[in-house]
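Keep the viewer open as you read.

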Amino acid sequence: MGKDVIIACDFASREQVFSFLDKFEGRKPFVKIGMELFYAEGPSIVREIKARGHKIFLDLKLHDIPNTVEKAMRVLSNLDVDMVNCHAAGTTAMLQGALKGLTRADGTRPMLIAVTQLTSTDQASMEKDLLIEKPIADVVMHYAKVAKEAGLDGVVCSPLEAEKVHANCGKDFVTVTPGVRFADGEKGDQKRVMTPSEARKIGSDYIVVGRPITQAEDPVAAYERCVKEFVGE
Ligand code: C5P
């Protein structure tokens with residue numbers, strides 16, 4: 001599994017994302033495009049970033065009936081992205097539809113990662129709003145197993161859950177972990193955080209890092225530091 005740092009490009013416009021990426025000159029970091037940028041600029045932003053040579057994690061978190069998700073995933077697969085995601089809560093039929101839609105005629109496909117419970121959901125809101133009364137850690141692990149059995153490649157999870165996900169679903173089941181901060185950095189609104197080197201030690205496969213890189217005085221140096229700590233390059 002290729003360990004890598006994925007930069008969360010949480011920008012509002014094409015101009016902002018390109019002025020950020022231009023700073024990297026020769027380097028081509030793996031980037032995450034989320035709903036804000038995608039909805040603002042449409043699929044052309046994905047094609048343009050891809051044409052510049054970046055790998056792309058398209059973080060659109062699909063969740064709908066299986067037929068709709070299958071068709072939407074077919075469109076995303078044709079955009080030639082490297083990683084996409086959907087909600088495990090869509091259940092097995094939707095996850096299988098997603099996989100089917102993503103798979104290209106030649107059998108290749110982007111990696112498909114499941115969202116388990118969002119980290120913004122806590123035990124109280126899960127019980128009250130979703131009527132799920134099991135401990136949230138068990139729910140997350142159950143969703144990971146459902147995703148694995150449906151044939152997905154991994155899950156987005158907190159770095160604190162990555163070790164357990166690997167123990168339950170195997171070391172090849174990919175963990176993509178946000179909530180990463182430098183030991184000497186600001187936490188911002190992230191509550192449960194790990195440093196890149198801690199994330200490496202507990203076995204995260206990919207870390208998703210946004211503001212510690214995008215808001216840094218020297219984003220390229222912050223990215224290089226992240227790669228050095230996480231991948232050891
Ligand atoms: O700026 P920061 O490093 O906190 O960015 C983390 C990125 O990962 C953001 O794009 C955020 O939406 C995403 N994310 C997260 N926690 C999750 C799932 C996604 O922080 N559980």
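**Helix pairs and a ligand site**

Helices H4 and H5 are roughly parallel to each other, because their crossing angle of roughly 30° falls under the 35 degrees used as the limit for that description. This is a predicted model, so please read every value here as computed from predicted coordinates. H4 covers residues 66-78, and its axis comes within 7 Å of the axis of H5. The handedness of this crossing is right-handed.

Sorted by class, the contact holds seven nonpolar, three polar and three charged residues.

Now stay on H5, which spans residues 91-102, and look for its packing against H7, residues 136-150. Here the axes lie 9 Å apart and the angle is about 45°. That value makes H5 oblique to H7. The two helices cross in a right-handed sense. On the H5 side the contact uses Thr92, Leu95, Gln96 and Leu99, and on the H7 side Val146, Ala147 and Ala150. If you colour this contact by class, you will find five nonpolar and two polar residues, with no charged ones.

H7 leads on to the next pair. Its partner this time is H8, residues 159-169, and the two axes come within 10 Å of each other. They cross at roughly 45°, and H7 and H8 are therefore oblique to each other. The class count for H7 with H8 is five nonpolar, one polar and four charged residues.

Finally, turn to the ligand. Which residues surround the ligand? They are Ala8, Asp10, Lys32, Thr119, Pro178, Arg181, Gln190, Val208, Val209, Gly210, Arg211 and Pro212. Asp10 places a polar side-chain atom 2.8 Å from an oxygen atom of the ligand. Thr119 has a side-chain N or O atom 2.7 Å from a nitrogen atom of the ligand. Gly210 takes part through its backbone, where an N or O atom sits 2.8 Å from a ligand oxygen atom.

Key. Residues are numbered from 1 along each chain as its sequence is written. This is a predicted model: local features need pLDDT of at least 70, side-chain atom pairs count only at pLDDT 80 or more; totals for chains, interfaces and linings use all residues. Side-chain values use heavy atoms; hydrogens and water are left out. Axes are lines fitted to C-alpha atoms, for helices over the stretch in contact, and angles run from 0 to 180 degrees between N-to-C directions. Helices (H or I, at least four residues) and strands (E, at least two) are DSSP runs, numbered from the N terminus. Angles under 35 degrees count as roughly parallel, over 145 as roughly antiparallel, 65 to 115 as roughly perpendicular and the rest as oblique. A crossing is left-handed if the near helix is turned anticlockwise from the far one by less than a right angle, and right-handed if clockwise. Contact means heavy atoms within 4.5 Å. Ala, Val, Leu, Ile, Met, Phe, Trp, Tyr, Cys and Pro count as nonpolar, Asp, Glu, Lys and Arg as charged, and the others, Gly among them, as polar. A residue is near a molecule or strand if one of its heavy atoms lies within 4 Å of it. A polar contact is a pair of N or O atoms within 3.5 Å; within protein, one must be able to donate a hydrogen and the other to accept it, and residues adjacent in sequence count only if both atoms are side-chain atoms.
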